[in-house]
Structure formats: C-alpha cells, structure tokens
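User: Could you pick one part of this model and go through it closely for me? I'd like one connected account that I can follow with the coordinates open.

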Amino acid sequence: MAQLTLYKCSKCGYSVYTEPQGHYALLSGRHFNFSCNHCKEIVSISAHSLSTQGFTVYCPKCDTDGSLSTWNPIDGHCPKCNGEMEVSNDLVILAD
Ligand SMILES: [Zn+2]
Ligand SMILES: [Zn+2]
C-alpha cells in the first residue's frame with residue numbers, strides 16, 4: 001500500500017498524486033513518475049511496463065515515444081507552466 005500525497009501547482013493549479021520520491025509501490029508493482037514533453041502531463045508507469053518497453057517508453061496518455069523524462073514533485077516543476085509544485089496537506093489518499 002502506498003500513501004499518495006496531492007501536489008498542486010502554485011500557479012495554475014495542476015495537481016498530481018504521488019510520493020515525494022516520484023515513485024511508489026502498489027499491488028501492481030512499483031510505479032515511476034514521468035513528465036511528458038508532448039502532452040504536458042505527469043504520468044506514472046509501472047516498472048513492469050518499463051522493462052517490457054526497453055529503451056523506448058511511450059506516454060500512456062498521448063502515445064508518443066521519446067518525450068518522457070523522470071519527474072518528482074521536489075525537484076520537478078509543473079509540466080504545464082513550470083510553476084512550483086506544493087504539497088496539499090489535507091489531501092492524502094491510500095492506494096493499493
Ligand atoms: Zn502550473
Ligand atoms: Zn504524453
């Protein structure tokens with residue numbers, strides 16, 4: 001089980017659930033966060049699907065390859081406007 005925190009952009013309000021490290025473990029395996037330069041979304045991809053895709057990883061939202069870079073809410077910025085991502089303390093969900 002993972003405890004996911006809501007991170008919200010201080011400028012445009014874009015939000016994403018993740019752990020501060022940018023990766024988390026669910027029953028379906030470990031998930032990693034990526035920022036897509038094509039559709040400007042934060043996506044999470046399981047370690048299993050990363051290993052089956054090899055070096056070419058496709059964005060699960062827009063199906064474009066080569067546009068993903070690893071992302072975490074501490075070092076990373078909002079994919080939409082490059083603003084700071086802030087923790088919303090009151091919104092934590094448990095996922096399994
Ligand atoms: Zn933003
Ligand atoms: Zn994309």
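Analyst: The donors of the zinc ion (ligand 1) follow the spacing C-x2-C-x65-C-x2-C along the chain. Before going on, some housekeeping: this is a predicted model, so local features need pLDDT of at least 70 and side-chain atom pairs count only at pLDDT 80 or more, while totals for chains, interfaces and linings use all residues. Residues are numbered from 1 along each chain as its sequence is written, chains are lettered from A and ligands numbered from 1 in the order written, and side-chain values use heavy atoms, with hydrogens and water left out.

Back to ligand 1. The protein donors of this zinc ion are the SG atoms of C9, C12, C78 and C81, lying 2.3 Å from it. A donor here is an N, O or S atom within 2.8 Å of the metal (3.2 Å for Na, K and Ca), and with water not among the atoms, sites may look incomplete. The angles subtended by the four donor atoms around ligand 1 run from 100 to 117°, which makes the arrangement tetrahedral. That label needs all angles of four donors to lie between 85 and 135 degrees; square planar (four donors) and octahedral (six) need opposite donors over 155 degrees apart and all others between 65 and 115, and anything else is irregular. For reference, the ideal angle for four tetrahedral donors is 109.5 degrees. C78 is buried at 3% relative accessibility, whereas C81 is partly exposed at 31%. Those words mean under 20% relative accessible area for buried, over 50% for exposed and in between for partly exposed (1.4 Å probe, protein chains only).

E84 also belongs in this picture: not counting residues up to four places away in sequence, E84 touches K8, C9, S10 and H77. Touching means heavy atoms within 4.5 Å.

Now the zinc ion (ligand 2). Its protein donors are C36, C39, C59 and C62, again through SG, at 2.2 to 2.3 Å, and in sequence they are spaced C-x2-C-x19-C-x2-C. C39 lies in the loop between strand 4 (29-36) and strand 5 (42-46), and C62 in the loop between helix 1 (47-53) and strand 6 (68-70), so the pair ties together parts that are 23 residues apart in sequence. Helices (H or I, at least four residues) and strands (E, at least two) are DSSP runs, numbered from the N terminus. The donor angles around ligand 2 are 106 to 113°, which makes this arrangement tetrahedral as well. C39 is partly exposed at 21%, and C62 is partly exposed at 24%. D63, in the loop between helix 1 and strand 6, has a positive phi of about 65° although it is not a glycine.

K40 is partly exposed, at 38%. The two strands run antiparallel and are joined by five bridges, where pairing takes at least two DSSP bridges. F32 stands opposite I45 in strand 5. Four of the five residues of strand 5 are buried, so strand 5 is largely enclosed by the rest of the structure.

K80 and E41 meet in a salt bridge (3.0 Å, N to O), that is, a side-chain nitrogen of Lys or Arg within 4 Å of a carboxyl oxygen of Asp or Glu. K80 lies in the loop between strand 6 and strand 7 (85-95) and E41 in the loop between strand 4 and strand 5, so this pair ties together parts 39 residues apart in sequence. Shared partners join E41, K61 and K80 into one network. In the K61 to E41 salt bridge, the closest N and O atoms are 3.8 Å apart. K61 is exposed at 55%, while K80 is partly exposed at 41%.
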